[in-house]
Amino acid sequence: MPPISERAEDLLARCVAARERGGDFPTIWNDILRRHPLVLAGLPVQVTTKSDPVLKIQLTNGQSLHFQNGEFSLG
């Protein structure tokens, strides 16, 4: 399990790298995010922006990871 001291930016970088290696969201969710200490318990929430749906993953530090159009970002 990753150290609790890992920053949201580090977690984002891990997700981006996994995506660049061809990982899809379900795989990244199961392998990296689901049990990560920065991720709040529960499932990602789908929200809608002006044009596209976004999967939002709440983090314990008040930030969130967003997965939209095949890319991860911090929100």
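In which helix is Glu20 found? Glu20 is found in helix H1, where helices (H or I, at least four residues) and strands (E, at least two) are DSSP runs, numbered from the N terminus. The structure is a predicted model, in which local features need pLDDT of at least 70 and side-chain atom pairs count only at pLDDT 80 or more, whereas totals for chains, interfaces and linings use all residues. Residues are numbered from 1 along each chain as its sequence is written, and side-chain values use heavy atoms, with hydrogens and water left out.

The secondary structure of the chain consists of two helices and four strands, and from the N terminus on these elements follow the order α-α-β-β-β-β. The C-alpha trace spans about 35 × 30 × 20 Å along its principal axes. A compact globule with 75 residues would have a radius of gyration near 11 Å, and the 12 Å of the chain agrees with this; the radius is taken over C-alpha atoms, and the globule rule is 2.2 Å times the number of residues to the power 0.38. Of the 75 residues, 29% count as buried, where buried means under 20% relative accessible area, exposed over 50%, and partly exposed in between, for a 1.4 Å probe and protein chains only. Among contacts (heavy atoms within 4.5 Å) between residues at least 6 apart in sequence, 36% join residues at least 24 apart.

The axes of helix H1 (residues 8-20) and helix H2 (residues 25-33) come within 11 Å and cross at roughly 140°. Such axes are lines fitted to C-alpha atoms, for helices over the stretch in contact, and the angles run from 0 to 180 degrees between N-to-C directions. H1 and H2 are therefore oblique to each other, given that angles under 35 degrees count as roughly parallel, over 145 as roughly antiparallel, 65 to 115 as roughly perpendicular and the rest as oblique. On the side of H1 the contact is made by Leu11, Arg14, Cys15, Ala18 and Arg19, and on the side of H2 by Ile28, Ile32 and Leu33. These residues divide into six nonpolar, no polar and two charged, where Ala, Val, Leu, Ile, Met, Phe, Trp, Tyr, Cys and Pro count as nonpolar, Asp, Glu, Lys and Arg as charged, and the others, Gly among them, as polar.

Glu20 is exposed, with a relative accessible area of 66%, and its C-alpha atom is separated by 9.4 Å from that of Glu71, 51 residues apart along the chain. In helix H2 lies Asn30, which is partly exposed at a relative accessible area of 38%. Arg35, in the loop between H2 and strand E1 (45-48), is exposed, with a relative accessible area of 54%.

Towards the end of the chain, Asn69 lies in the loop between strand E3 (64-68) and strand E4 (71-74) and is exposed, with a relative accessible area of 59%. Phi of Asn69 is near 50°, a positive value in a residue other than glycine. Most residues other than glycine have a negative phi. Gly75, in the segment after E4, counts as exposed at 51% relative accessibility. Leaving aside neighbours within four places in sequence, Gly75 is in contact with Gln63, Ser64 and His66; Gly75 and Gln63 are twelve residues apart in sequence and 6.1 Å apart in space, C-alpha to C-alpha.
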